[in-house]
Amino acid sequence: MTTTHFHNGTIWLGPGAEASDSLLIRDGVIVAVGTAEVNRHLASRATGEAAPELVDLDGGFLMPSFGDGHAHPIFGGMEAEGPQVRSCSSVDEIVAEVRRYAEAHPDDEWITGASYDGSLVEGGLFDARWLDEAVADRPVVLRAWDYHTVWCNSRALALAGITAETPEPELGEIPRRDDGSPLGTLREWGAVDLVDAVQPPHDESVRLRALELAADYYLARGVTWVQDAWVEPADVETYLSASEQQRLKLRFNLAFYADPRRFTRQLPEMVRARDRVTALDDPLLSANTVKFFADGVVENETGALLEPYCSSLHNHGLRVWEGESLADAVRAADAEGFQVHIHAIGDAAVRQALDAIEAAIAQNGPRDRRPVIAHAQLVDSADLTRFAELGVIANMQPLWAQLDDLMTVLTVPRLGEERARTQYRMRSILDDGGRLSFGSDWPCTSGDPVEGLAIAVSRQNEDGEPAGGWTPDEILDIDRSLEAYSATVAHQAFADRSPAPWGEISPGASADLIVFARDPRELAPRELALASVRSTYLRGVAVQTGD
């Protein structure tokens, strides 16, 4: 029997609750909170029972661990495997890094990497000929930060059979030069799939290494549960292998990607994959969710809008599922007992997602389904109360609610100033009785919760601008923000259905905890963004300890 006693610090029990100063865990489960209860348990120890391990918080701050309600961990880990273009601040730097990597890896048949900054070029339109300067004889494919766009060299386009005669694909776009030849940028799955279809798969050992790198990344930042929000059959095999080899380091839930072009065939496969995961009976792995894309992203004008884009007056963006097809698919997945998780960026996509969930409830009847709409970048005022009415969790990425280059260069010009000010209505959804969970969408952006928390409580960029915050009516207090990254993500994950629920500090809960050196509630936003997690505990075991 292993017992640990935390003391001499602030133990946060959630918004509105008085903090405690003492916590006792036994065999990974919280057994007592508060000095009186802890002392009572210690006094009743059995004869011969070892004294508990004492953890002196040294004035630090202990809280439930973070969860990430929407991320792509294998993608994130894979970014370490190719050219390191994430930090490049110009096209020339990217080309130089691709050239360096190619010269260092002469045996690689394909050069693949992620993720470049799409705002470096006007309109996000990157030319294949730029990459040809680095590598002309081998295919090069780079993913953009949004993971909805890729940039290819001419060799990759040729191998994929993408020419001037290639028709526009369903659910995708091939930007072209004036003569009709493909430029080198491919947008959305219908176009990206043309290249993916001819790329050789990564070796499973590489994918397993990527998953472990992702886990290490998250544990260092206090995250112990991740919603993998885009899982395809190869990913299922990677997670199963990791579980069977006992290489999972934290909790993962898998969301199977629903493709409108083949969903009818997919759904039985999803059920079988869920059954395989369930049969493992691994407490760190579940597969309860189906992921739908309702639209794309605003930055390449594929987010679906009720009113057209300012930059193209008849363009309302992309609806991935036309007509009633999304509602039909959501009803089918819901009928199989899956939680639905819908990517919806634009206000038209959010409305379509809400309508689909409402239809599933009406047809399939009441149950504890906890549907999720991820991102919800634009929500029409008429739809705000529907989140609470339908029990929909809004999973938002707080790091995005700032006036950074992405917002000012790519987003605002497409939406216009007035509509841009209605983005990320986090506080509005909470004030209307809805549930708000946080996620990162890592590796599209940073997966460090404290960076998102700093934006949530200030709506300011790293330069502290604008004064008073951008869209200040949507600023959250720190307690609600911490809750959105812990307890509400746990609710999204159905953690309360576990024998030892996590995401809370109470007797009987799993000791999934993090310790900060300082109380984040007392830090200015920029201090908060730089705060590091001192220790991360998963089921009572210290799985990460800072310097």
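This is a predicted model: local features need pLDDT of at least 70, side-chain atom pairs count only at pLDDT 80 or more; totals for chains, interfaces and linings use all residues.
To find it, select G118, G124, D146, T149 and N300, which lie nearest its centre among the 13 lining residues. By class, this lining has 5 nonpolar, 5 polar and 3 charged residues.

Next, select W145, V297, I345, W400 and D441. Of the 24 residues lining the largest cavity, these are the closest to its centre. The volume of the largest cavity is about 230 Å³, and its lining divides into 11 nonpolar, 8 polar and 5 charged residues. Now show β13 (285-293) and α13 (405-415): each supplies at least two residues of that lining, and α13 gives the most, with 3 residues. In total, the structure holds 5 cavities of 30 Å³ or more.

Turn to the nonpolar cores. Select F263, F292 and F387, which touch the most other members of the largest core, a set of 116 residues. Around F263, leaving out residues up to four places away in sequence, the contacts are A258, M270, V290, F292, W321, A329, A332 and A333. Another core, of 20 residues, lies apart from the largest one; Y116, L131, V135 and V140 are among its members.

Finish at helix α1 (residues 35-43). Select V38, H41 and L42, which are buried. These residues are on the same side of α1, because they cover an arc of only 100° around the axis. What covers them includes β1 (3-11), β2 (20-26) and β3 (29-33). Then select A36 and A43, which are exposed on the other side of α1.

How values were computed: Residues are numbered from 1 along each chain as its sequence is written. Side-chain values use heavy atoms; hydrogens and water are left out. Buried means under 20% relative accessible area, exposed over 50%, partly exposed in between (1.4 Å probe, protein chains only). Helices (H or I, at least four residues) and strands (E, at least two) are DSSP runs, numbered from the N terminus. The arc is that of the directions from the helix axis to the C-beta atoms. Contact means heavy atoms within 4.5 Å. A nonpolar core is a set of buried Ala, Val, Leu, Ile, Met, Phe, Trp, Tyr and Cys residues joined through side-chain atoms within 4.5 Å. On a 1 Å grid over the protein atoms alone, a cavity is a set of points where a 1.4 Å probe fits but cannot get out, and a pocket is an open set with protein on both sides within 12 Å along at least five of seven lines; lining residues have an atom within 4 Å of a point. Grid points are joined across faces, edges and corners, and a volume is the space filled by probe spheres set on the points. Ala, Val, Leu, Ile, Met, Phe, Trp, Tyr, Cys and Pro count as nonpolar, Asp, Glu, Lys and Arg as charged, and the others, Gly among them, as polar.
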